[in-house]
Amino acid sequence: MSLKLRDLIRQVRACKTAAEERSVIARESAMIRTCIRDEKDQYRHRNVAKLLFMHMLGYPTHFGQLECLKLIASPHFPEKRIGYLGLLLLLSEEADVLMLATNSLKNDLNNSNRFIAGLALCTIGNLATADMSRDLVTEVEKHLKSSYPYLRKKACLAMSRCLIKVPEMVEDFTEKFVTLLKDRSHGVLVTIVQLMTQVMLLESSQEEYDEANYGPARIAFAKLVPTLVKMLRSLLTSGYNPEYDVGGITDPFLQVQILTLLRLLGKNDQETSDEMNDVLAQVATNTETSKNAGNAILYECVQTIMTVESEDSLRTLAVNILGRFLLNRDNNIRYVALNTLAHVVGQDSKAVQRHRSTIVDCLKDPDVSIRQRALELIYHLVNDENVETLTAELLNYLVVCPQEHRGEICTRVLKVVDRFSPEDRWRVDTLITMLTIAGKECNQKVQSASIVYISRSAEHIRAYSTHKLLKAIRDDDGTQTGLLVVGIWCIGEYGDMLLQPHTYTIPAKTDDEGNVTSEEITITCEAMDAEMVVDTVQKAVKDARPFSTESVTQRALTCYAKLSERFANIPEVSSRLEQLVKKHKGSQSVETQLRSCEYGALMGLSGKAETLARMPVVELEVLYRRQKLHAVEENGTASPQKEGAISSNGFAPATATASNNNASSLLDLDDIFGSAPAAAATPSAAPVAQENGNDQIREAAEPKASLQSDVDLLSDIFSAPPASAAPLSNFGMGLTSTTAQPQPDLFSSQPVQMQQPSAAAAPVDLFGQPTVTSAAPSPALGMTNMAPSAASLDPFAAVPAAPTPAPVSNSNNGFNAMPAAVPGPSKDVVPVLDKDGLQLDFECSKLNDGGQSEVVAKFTNKAGTPIHGMNLQCAVPKYITMEMQPPSSTSIPLGPNKVTQKIKITNKMLGKKNLMMKVKLSFTVNGQKFEHMSTCSSFPSGY
């Protein structure tokens, strides 16, 4: 015979080990199984009760599920009570045997004993499936009209479960809920309001109903708003009632339910919101806050005020209530207040700003959850007026916050500084302070952004930043990797500024009333010795090795190479820097070893000055284009383009003109340059590769021949750069083609071999600027016809190794295998450009009658001083293919010697369209960079 329930509890409590407890449960489970198998009905209710106890302890009890169904079918109330309790605890709505209980539930719903019917309603409210809801909803509806409040409130909860499982039945029962609002029982009122709230939530989740198209339930319930308002007002003004009083407040549960329903009914409905504004103000002002029940009502009232279309004064009152919550000693209430303020700050930022000091004080709370919520809220409070104060608080919190949160805070501080910074010096100070505190945790984006801000600032800000970073690195123990990376980069770029003293003045600050809050302060940074600068970098690399990877060492090698140029006039420092670079040739890191070898070779070259010059200023527009292009690549779609905005492919939208491909003229200017009004080009332009420092961007787009014309090709490539753009040294340009060729390097000092795209290739937008429309020159003007020679230049000749231009030889004919009957190609000289001391001429010769010809670009120095960094870029229409060889030299010395560059041309439409070419020439004279563009359309016919 099995034990009684109390005996089983005693035995379990007497067990000293888990093994003893498992033994007792296993033995009793075996006894229960035996009773179930022997059909001992007199012990069934006792066995189910013991199974409930075992279930509470976490032991399996699935073998007793059918016993619960047998107890439900019993005519006796005690057995039914145990059976329904077992059904609620031992079964879930996914259990297959639950369907067997449908008939028993239906019989019990029609039972004359209201307590048995109540058990059935309670079970339906917790376990009813969709099928059971459809079968039993009629019986549940009958109890909504019962004369017993006990059954009416249980029927409301059961009906809520049925409608959740079968939402399509909502419309059938909406009108029947209205009469229950007149019930005098508060228990029934709470459940019916909860039922109406559930119906509203179900209806709002359906796609066919939105703000402009209300569902039938909302339309019906909106008529009950005056009734709900009256009910809520009566609860506020009613006297003491011990039956419903909680902490001196009359039925706070009903008040909270009514406020929740009003919030759903008043959302995006001005008329309904106006009806409830008065009672909401009355709740907000008359509710007692000394008890937790009153705080719950006020919280729900604030939620309702901020959701409905309430008045501004009422919203301010709601924010003030949350401000009072922040002063509460209970951390739960303070947490709720901070969380709610973070949601409402977008609706009424000025009201939230009044509690800024209280929110900032929450950063000092010992509870980490309170600090995190306050931190989230402070991000939303920052504006142009308080950015300095709140950023200082964020930096103070950065010192004490957990290490795992520092990275996110650094990113947030960077966003705040980027958006609200009052001046460049304050931005630099903030970023350096942040790197000093949490340089180890800040990510690479924060480090890169700090470098960009410093490089884009004025010269005196760069000097100030470099001096301050050097001092910060000197005081650091090597743990703040981000600080070392940014500091070493700045020392390498602007190390020459450290050799000069720098003085800066912090201006006086005044408040809104004109009172001086801080006086003017002048700070002077002393000039540094070159040896001391190198010692600081070397010590930083040594201290950082135990805490970081090779990243600091790699950046230090770049810094050494840069400093060798900055300190070129100090031989002993230059030799030391060269030794520091070559020291890492045997490093185990491939990247470190590669940098050491390459920088060591570079430092021994005579032309290193231009390579080791300062990096060009990063254009923010380029960064924004990259970000937008990355977003397009991730999402696969581009956002709608606004007028004047950057196009979705990451470059500024170019303009083009519609052309008539069938029209024929001598130079076909309409086909290439267009004469019609400009139209927006399609966003299929493919940006070419760019490189800035160690970061490379490789971008390409699908060619779309059907949407492009010749005008797109030339205008996109040679659009005029903006006047404010900083000059970029060694800026190369390349064109993609359908044949395989290497990607061009935009920042390489080496010449780029370019090939014109085929007819199906899309245009390449290298500069991302609007098209510059220029008038086409008259054809065949300014051309000199020279006598043909017996030989031509070899288009595939090797590039001379020495920078000195090699004389052109006419004896080596690359096409000497042609038949002897073919006459030697003639040479025509076409002047192209003669500006700022550099003259460019094209010497043209035909290779055969199949449209192939060779153009030799000859560069003549007239500047009186050597020209460096010469770079020629050409573009031709789509019916022409072009192969460019590297120039004989990128430096043009004084004297009669000329630098040459060979270009092989193939005209696929020879006889119909002549050769046209657009060129861009860049070079440096006396440290000043020049860029010129020209259209060359004066080639003689036959090319």
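User: What should I know about the numbering and the model before I start?

Analyst: Residues are numbered from 1 along each chain as its sequence is written. The model is predicted, so local features need pLDDT of at least 70 and side-chain atom pairs count only at pLDDT 80 or more, while totals for chains, interfaces and linings use all residues; side-chain values use heavy atoms, with hydrogens and water left out.

User: Which residues touch the most other members of the largest nonpolar core?

Analyst: A nonpolar core is a set of buried Ala, Val, Leu, Ile, Met, Phe, Trp, Tyr and Cys residues joined through side-chain atoms within 4.5 Å. Buried means under 20% relative accessible area, exposed over 50%, and partly exposed in between (1.4 Å probe, protein chains only). Here the largest core has 157 residues, and L163, F177, F221 and I359 touch the most other members. Helix α11 (residues 186-204) gives the largest share of this core, nine residues. Helices (H or I, at least four residues) and strands (E, at least two) are DSSP runs, numbered from the N terminus.

User: Which residues is F177 in contact with?

Analyst: Contact means heavy atoms within 4.5 Å. Leaving aside neighbours within four places in sequence, F177 is in contact with L144, M159, L163, I192, L195, V199 and F221. Another core, of 34 residues, lies apart; V830, L840, C844 and I903 are among them.

User: Is T592 buried or exposed?

Analyst: T592 counts as buried, because its relative accessibility is 0%. T592 is found in helix α31 (residues 590-603). Its side chain makes a polar contact with the side chain of E550 (3.2 Å). A polar contact is a pair of N or O atoms within 3.5 Å; within protein, one must be able to donate a hydrogen and the other to accept it, and residues adjacent in sequence count only if both atoms are side-chain atoms. Beyond neighbours within four places in sequence, T592 is in contact with residues including T553, Q554 and L557.

User: How many salt bridges does a search of the whole structure find?

Analyst: A salt bridge is a side-chain nitrogen of Lys or Arg within 4 Å of a carboxyl oxygen of Asp or Glu. The search finds 33. One joins the side chains of D365 and R334 (2.6 Å, N to O). D365 lies in the loop between α20 (356-361) and α21 (368-381) and R334 in helix α18 (residues 331-344), so the pair ties together parts that are 31 residues apart in sequence. D365 counts as buried, at 8% relative accessibility. R334 also counts as buried, at 14%.

User: Where do R427 and D424 lie?

Analyst: Both lie in helix α24 (residues 424-438). They are separated by about one helical turn because they are three residues apart. R427 counts as buried, at 14% relative accessibility, whereas D424 counts as partly exposed, at 35%.

User: How many residues of strand β18 are buried?

Analyst: Nine of the nine residues in β18 (residues 917-925) are buried. Both faces are covered. M917, V919, L921, F923 and V925 are on one side, with K918, K920, S922 and T924 on the other.

User: Which strands pair with β18?

Analyst: Two strands pair if DSSP finds at least two bridges between them. Strand β15 (residues 867-875) runs antiparallel to β18, joined by seven bridges. Strand β19 (residues 928-936) pairs with β18 in the antiparallel sense over nine bridges. M917 stands opposite C936 in β19. β18 and β19 form a hairpin with two residues between them, and N926 in the turn has a positive phi of about 55°.
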